[in-house]
Amino acid sequence: MTVPTDFVVDVNNSDDIVIARQAGHELARQLGFSLTDVTMIATAISEIARNITSYAGRGEVRVGLQYRDGRQALVVRAEDDGPGIADVERALEDGYSTGRGLGLGLPGARRLMDRLIVESAPGKGTVIEMWKWIPSNA
């Protein structure tokens, strides 16, 4: 199976969120994920891309096939140069938001994916990496 290795989407507005979501959806489908997993991956991408537009204004989402911990995974990496997250642990709690949101984006994305890592500090921007292991039957 020949699958593109990387999609990069500049995220500046709600249209870009849709493009990033579609890129992840298509790659996940091509990699043999179930419809449920494809939907979960696309939803997680929407959540983190929406955080970029809401808090940083602009950034990028990269979706690709990579090795992590010795296994193939669909990896989503979102980066921005926004204000950063002062308390990452708290930001991963349901209901916590520094903005007008419901505080479900990061915790929801973490539940939808197999792994979620957040690197952020005030004034330093944010990098979020999410993984979903490639199905063994793919």
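The protein chain contains four helices and five strands, where helices (H or I, at least four residues) and strands (E, at least two) are DSSP runs numbered from the N terminus. Along the sequence these elements follow the pattern β-α-α-β-β-α-α-β-β. The model is predicted, with pLDDT of at least 70 needed for local features and 80 or more for side-chain atom pairs, whereas totals for chains, interfaces and linings use all residues. Residues are numbered from 1 along each chain as its sequence is written, and side-chain values use heavy atoms, with hydrogens and water left out.

Of the 138 residues of the protein chain, 41% are buried; buried means under 20% relative accessible area, exposed over 50% and partly exposed in between, with a 1.4 Å probe and protein chains only. Contacts (heavy atoms within 4.5 Å) were also examined by sequence separation. Among those between residues at least 6 apart in sequence, 61% join residues at least 24 apart.

The five strands form an open sheet in the order E1-E2-E3-E5-E4, with antiparallel pairing. Two strands are taken as paired if DSSP finds at least two bridges between them. In general, strands of a sheet pair through backbone hydrogen bonds, either parallel or antiparallel. The edge strands, each pairing on one side only, are E1 (6–11) and E4 (115–120). From one strand to the next, the twist averages 15°. Helix H1 (residues 14–30) packs on the sheet and touches E1, E2 (59–68) and E3 (71–80). The direction of H1 makes about 165° with that of E1; axes are lines fitted to C-alpha atoms, for helices over the stretch in contact, and angles run from 0 to 180 degrees between N-to-C directions.

Strands E2 and E3 are joined in the antiparallel sense by 10 bridges, and Val63 stands opposite Val76 in E3. Their hairpin has two residues between the strands, and Asp69 there takes a positive phi near 50°. Eight bridges link E3 to E5, also antiparallel, with Asp80 opposite Thr126 in E5. E4 and E5 (residues 126–133) pair over six bridges, and Arg115 has Trp131 in E5 as its bridge partner.

One aromatic pair was found, under the rule that ring centres of Phe, Tyr and Trp (its six-membered ring) lie within 6.5 Å, with planes under 30 degrees apart counted as stacked, over 60 as edge-to-face and the rest as tilted. Trp131 and Trp133 form this edge-to-face pair, at 5.6 Å centre to centre and 70° between the planes. Both Trp131 and Trp133 are buried. The charged end of Arg71 sits over the ring of Trp133, 4.1 Å from its centre; this requires NZ of Lys or CZ of Arg within 6 Å of the ring centre and within 35 degrees of the ring normal.
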